[in-house]
Amino acid sequence: MIEKAGKVTLDETWYPGEDFYSDGQVEDELLEAVKTYPSREFPNLIAEKKSWPFLYHLSPVRQNIVSWIPFSKRDRVLEVGAGCGAVTGALAGKAGQVTCVELSKKRSLINAWRNQDYENIRILVGNFLEIEKHLTETFDYVTLIGVLEYAQSYMGKDHPAETMLRCIGRHLAPGGKIVIAIENRLGLKYWAGCAEDHTGRFFEGLEGYHHTDGVRTYSRNELIHLAQRAGNWKTTFYYPYPDYKFPYSIYSDRHLPGKGELRDNDCNFDSVKLELFDEARVFDTLIDNGLFAEFSNSFLVILEKEEG
């Protein structure tokens with residue numbers, strides 16, 4: 001079944017008939033909001049609602065994670081796990097074609113209506129593992145924004161992240177890139193007293209996810225080795241600050257932060273945070289010792305095939 005929301009096409013050929021995850025009634029409110037208000041009104045809505053889902057799904061700051069990447073109108077982008085479209089509009093504004101894959105129909109509708117003026121967006125509703133079997137075109141970029149940590153949900157239990165990267169690699173055009181945004185398992189905010197983003201448990205990632213199944217983030221070193229095992233990918237790291245969800249700055253290995261720059265350490269707006277130490281001072285200590293990259297709260301990683 002093909003559905004239209006403005007100029008956006010939704011293809012429900014692979015939709016299983018029900019949404020298996022949801023934030024509940026607030027998603028109906030989000031859908032009504034994006035149908036009613038233009039995106040320039042979203043900051044006012046967020047201030048009025050004082051709701052974490054409205055902030056998380058509608059904040060224009062979310063787009064900063066991809067808006068700096070040099071997409072061109074020649075590029076075809078595959079956005080896996082597009083959700084409510086937090087970054088879809090930023091992709092569509094620069095790329096030639098954006099194909100979204102999203103399991104939830106409700107979230108796909110929110111995405112479509114908020115981006116209804118874009119003619120270059122199509123949304124495939126259903127499980128990525130099923131949809132990817134039917135993708136015949138190749139893509140210049142594939143984005144995994146907050147997705148790789150859920151690889152087990154997509155790919156099963158046996159080396160799910162590696163399997164996912166190999167699977168995606170089959171759909172890349174020559175010279176294509178994979179763009180990953182993910183929390184750092186060893187991020188400073190977790191040592192400082194933030195609950196693990198996906199489980200709500202303190203120190204869960206630091207302790208090795210002993211109480212958790214189905215979700216897993218990685219350290220910088222773990223991501224490097226994961227990319228090598230998955231197909232000898234070259235990894236280029238960037239460091240969103242304070243994290244990839246609401247990044248105000250994005251650092252690189254060529255331009256790391258200086259002492260005194262990392263003062264805005266508000267993270268985990270949706271959960272309780274302990275106050276174990278002064279993060280700004282500890283960041284300065286890490287910067288002095290060349291360790292910022294290891295303890296950055298999040299990573300943005302671009303994978304490319306090694307030559308030869």
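The model is predicted, so local features need pLDDT of at least 70 and side-chain atom pairs count only at pLDDT 80 or more, while totals for chains, interfaces and linings use all residues. Residues are numbered from 1 along each chain as its sequence is written, and side-chain values use heavy atoms, with hydrogens and water left out.

**Pockets**

- The largest pocket holds about 1100 Å³ of space; on a 1 Å grid over the protein atoms alone, a pocket is an open set of points with protein on both sides within 12 Å along at least five of seven lines, whereas a cavity is a set where a 1.4 Å probe fits but cannot get out, and lining residues have an atom within 4 Å of a point.
- Its lining has 46 residues, and Tyr21, Tyr56, Arg107, Gly146 and Tyr150 are those nearest the centre.
- Helix 3 gives the largest share of this lining, four residues, where helices (H or I, at least four residues) and strands (E, at least two) are DSSP runs numbered from the N terminus.
- The second largest pocket, with about 340 Å³ of space, is lined by 19 residues, of which Pro38, Ser39, Phe42, Arg114 and Asn115 are closest to its centre.

**Cavity**

- One cavity of 30 Å³ or more is found in a search of the whole structure, and the largest cavity contains about 40 Å³ of space.
- Helix 11 (220-229) and strand 10 (298-305) each supply at least two residues of the lining of the largest cavity, with helix 11 giving the largest share, three residues.

**Nonpolar cores**

- The largest nonpolar core has 46 residues, of which Leu144, Leu148 and Met164 touch the most other members; such a core is a set of buried Ala, Val, Leu, Ile, Met, Phe, Trp, Tyr and Cys residues joined through side-chain atoms within 4.5 Å.
- Helix 9 (residues 160-169) gives the most to this core, with five residues.
- Another core, of 43 residues, lies apart from the largest one and includes Ala5, Cys84, Tyr141 and Ala181.

**Phe54**

- Phe54 lies in helix 3 (residues 52-58), and this residue counts as buried because its relative accessibility is 1%, buried meaning under 20% relative accessible area with a 1.4 Å probe and protein chains only.
- Leaving out residues up to four places away in sequence, Phe54 touches Val26, Glu29, Leu30, Ala33, Ile46, Lys49 and Ser59, contact meaning heavy atoms within 4.5 Å.

Methods. Grid points are joined across faces, edges and corners, and a volume is the space filled by probe spheres set on the points. Buried means under 20% relative accessible area, exposed over 50%, partly exposed in between (1.4 Å probe, protein chains only).
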